[in-house]
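Hi there,

Here is the structure I promised to pass on. Have a look at it first, and then read my notes below.

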Amino acid sequence: MRSPRRCSRNGCPRQAVATLTYVYNESTAVVGPLAAFAEPHTYDLCEPHARSLTAPRGWDVVRHEGEFEPPPPSPDDLVALAEAVREAARPAPPRPPEDDKVTPHHPQQTGRRGHLRVIPPNH
(Lines give C-alpha, C1' and ligand atoms only; values in the text may rest on other atoms or scores of the structure.)
Protein backbone atom coordinates (compact mmCIF):
# COMPACT_ATOMS: atom_id res chain seq x y z
CA MET A 1 0.00 0.00 0.00
CA ARG A 2 1.21 3.48 -0.77
CA SER A 3 2.34 5.67 2.10
CA PRO A 4 0.39 8.86 2.65
CA ARG A 5 2.11 11.94 1.32
CA ARG A 6 4.26 13.64 3.92
CA CYS A 7 4.92 17.29 4.62
CA SER A 8 7.65 18.70 2.36
CA ARG A 9 9.29 20.65 5.20
CA ASN A 10 12.64 19.14 6.22
CA GLY A 11 12.35 16.86 9.21
CA CYS A 12 8.56 17.03 9.44
CA PRO A 13 7.04 13.53 9.72
CA ARG A 14 3.39 14.66 9.59
CA GLN A 15 0.90 13.75 6.87
CA ALA A 16 0.31 16.41 4.22
CA VAL A 17 -3.13 18.04 4.11
CA ALA A 18 -2.41 21.12 1.96
CA THR A 19 -0.54 22.05 -1.21
CA LEU A 20 1.60 25.18 -1.58
CA THR A 21 2.01 26.65 -5.04
CA TYR A 22 3.99 29.77 -5.94
CA VAL A 23 2.61 32.02 -8.67
CA TYR A 24 5.83 33.85 -9.51
CA ASN A 25 4.48 36.36 -12.05
CA GLU A 26 1.95 37.59 -9.44
CA SER A 27 4.29 37.30 -6.41
CA THR A 28 1.73 35.12 -4.65
CA ALA A 29 1.95 31.96 -2.55
CA VAL A 30 -1.27 29.89 -2.66
CA VAL A 31 -2.01 27.38 0.12
CA GLY A 32 -5.00 25.21 -0.68
CA PRO A 33 -6.37 21.72 -0.06
CA LEU A 34 -4.06 18.83 -0.89
CA ALA A 35 -3.83 18.33 -4.65
CA ALA A 36 -4.93 14.96 -6.00
CA PHE A 37 -1.42 14.26 -7.31
CA ALA A 38 2.03 15.50 -6.31
CA GLU A 39 3.09 17.95 -9.01
CA PRO A 40 6.52 19.37 -9.74
CA HIS A 41 7.07 22.86 -8.29
CA THR A 42 4.40 22.39 -5.60
CA TYR A 43 4.94 21.50 -1.98
CA ASP A 44 2.79 19.33 0.29
CA LEU A 45 2.35 20.72 3.80
CA CYS A 46 0.95 19.46 7.09
CA GLU A 47 -1.67 21.59 8.82
CA PRO A 48 0.68 23.45 11.21
CA HIS A 49 3.04 24.39 8.36
CA ALA A 50 0.15 25.33 6.05
CA ARG A 51 -1.33 27.62 8.73
CA SER A 52 1.98 29.26 9.71
CA LEU A 53 3.44 29.80 6.23
CA THR A 54 4.77 33.28 5.56
CA ALA A 55 5.82 34.66 2.18
CA PRO A 56 8.80 36.82 1.26
CA ARG A 57 8.48 40.59 1.65
CA GLY A 58 6.32 42.00 -1.14
CA TRP A 59 4.52 38.72 -1.75
CA ASP A 60 0.89 37.90 -0.93
CA VAL A 61 -0.35 34.70 0.66
CA VAL A 62 -3.70 33.32 -0.44
CA ARG A 63 -4.76 30.70 2.08
CA HIS A 64 -7.67 28.24 2.08
CA GLU A 65 -10.17 29.39 4.72
CA GLY A 66 -11.70 26.02 5.61
CA GLU A 67 -10.43 23.02 7.49
CA PHE A 68 -7.58 21.02 5.99
CA GLU A 69 -8.54 17.36 5.98
CA PRO A 70 -6.45 14.32 5.12
CA PRO A 71 -7.33 12.94 1.71
CA PRO A 72 -9.60 9.89 1.53
CA PRO A 73 -7.96 6.63 0.46
CA SER A 74 -7.54 6.44 -3.28
CA PRO A 75 -8.78 3.44 -5.29
CA ASP A 76 -5.13 2.35 -5.60
CA ASP A 77 -4.82 2.28 -1.80
CA LEU A 78 -8.01 0.26 -1.44
CA VAL A 79 -6.95 -2.25 -4.10
CA ALA A 80 -3.53 -2.65 -2.44
CA LEU A 81 -5.19 -3.18 0.93
CA ALA A 82 -7.56 -5.80 -0.52
CA GLU A 83 -4.63 -7.63 -2.14
CA ALA A 84 -2.68 -7.61 1.14
CA VAL A 85 -5.67 -9.08 2.99
CA ARG A 86 -6.11 -11.79 0.33
CA GLU A 87 -2.40 -12.64 0.49
CA ALA A 88 -2.47 -12.91 4.29
CA ALA A 89 -5.54 -15.17 4.14
CA ARG A 90 -3.96 -17.66 1.73
CA PRO A 91 -2.87 -20.90 3.40
CA ALA A 92 0.84 -21.59 3.40
CA PRO A 93 1.86 -24.11 0.72
CA PRO A 94 2.68 -27.58 2.09
CA ARG A 95 6.37 -28.19 2.58
CA PRO A 96 7.93 -31.01 0.61
CA PRO A 97 8.92 -33.95 2.86
CA GLU A 98 12.60 -33.78 1.85
CA ASP A 99 12.93 -30.29 3.36
CA ASP A 100 12.81 -31.69 6.91
CA LYS A 101 15.38 -34.43 6.33
CA VAL A 102 19.03 -34.23 7.26
CA THR A 103 21.13 -35.09 4.24
CA PRO A 104 24.24 -37.30 4.58
CA HIS A 105 26.37 -34.56 2.99
CA HIS A 106 25.28 -32.04 5.62
CA PRO A 107 25.08 -33.94 8.93
CA GLN A 108 24.82 -30.73 11.00
CA GLN A 109 21.91 -29.33 9.02
CA THR A 110 18.84 -29.03 11.22
CA GLY A 111 16.25 -27.80 8.76
CA ARG A 112 15.53 -25.95 5.58
CA ARG A 113 13.14 -23.17 4.64
CA GLY A 114 12.92 -22.37 0.95
CA HIS A 115 16.40 -21.43 -0.19
CA LEU A 116 17.73 -20.83 3.37
CA ARG A 117 19.20 -23.49 5.62
CA VAL A 118 19.53 -23.47 9.38
CA ILE A 119 22.93 -24.75 10.44
CA PRO A 120 23.86 -25.03 14.13
CA PRO A 121 27.05 -23.30 15.26
CA ASN A 122 30.25 -25.39 15.31
CA HIS A 123 31.18 -26.75 18.74
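**Notes on the model**

Arginine 5 counts as partly exposed, because its relative accessibility is 23%; here buried means under 20% relative accessible area, exposed means over 50%, and partly exposed is in between, with a 1.4 Å probe and protein chains only. Before going on, please note that this is a predicted model, in which local features need pLDDT of at least 70, side-chain atom pairs count only at pLDDT 80 or more, and totals for chains, interfaces and linings use all residues. Residues are numbered from 1 along each chain as its sequence is written, and side-chain values use heavy atoms, with hydrogens and water left out.

**Salt bridges**

Two salt bridges are present, each being a side-chain nitrogen of Lys or Arg within 4 Å of a carboxyl oxygen of Asp or Glu. Arginine 5 makes one of them with aspartate 44, with 2.8 Å between the closest N and O atoms. This pair ties together parts that are 39 residues apart in sequence, because arginine 5 lies in the segment before β1 and aspartate 44 in strand β3. Helices (H or I, at least four residues) and strands (E, at least two) are DSSP runs, numbered from the N terminus. Aspartate 44 is buried, at a relative accessible area of 8%.

Arginine 51 and glutamate 47 also meet in a salt bridge, at 3.5 Å from N to O. They are separated by about one helical turn, because they sit four residues apart in helix α1. Arginine 51 is partly exposed at 34% relative accessibility, and glutamate 47 is partly exposed at 28%.

**Strands**

How do the strands pair, and over how many bridges? Strand β1 (residues 18-23) runs antiparallel to strand β2 (residues 28-33), with six bridges between them; two strands count as paired if DSSP finds at least two bridges. Within this pairing, alanine 18 is opposite proline 33 in β2. The two strands make a hairpin with four residues between them, and serine 27 in the turn has a positive phi of about 50°.

β1 also pairs with strand β3 (residues 42-45), again in the antiparallel sense, over four bridges. Here leucine 20 stands opposite tyrosine 43 of β3.

**Aromatic rings**

There are four aromatic pairs in the structure. Rings of Phe, Tyr and Trp (its six-membered ring) pair if their centres lie within 6.5 Å; planes under 30 degrees apart count as stacked, over 60 as edge-to-face and the rest as tilted. One of the pairs joins tyrosine 22 and tyrosine 24, which are tilted, at 5.9 Å centre to centre and 35° between the planes. Tyrosine 22 is partly exposed at 26% relative accessibility, whereas tyrosine 24 is exposed at 58%.

Tyrosine 22 also pairs with tryptophan 59: the ring centres are 5.8 Å apart and the planes are at 85°, so the pair is edge-to-face. It links distant parts of the chain, 37 residues apart, with tyrosine 22 in strand β1 and tryptophan 59 in the loop between α1 and β4 (60-63). Tryptophan 59 is partly exposed, at 23% relative accessibility. Tyr22, Tyr24, Tyr43 and Trp59 make up one aromatic cluster.

**A histidine in the helix**

Which residues does histidine 49 touch, apart from its neighbours within four places in sequence? Histidine 49 is in contact with Cys7, Arg9, Cys12 and Arg14, where contact means heavy atoms within 4.5 Å. Histidine 49 is part of helix α1 (residues 47-52) and is buried, with a relative accessible area of 18%.

Best wishes
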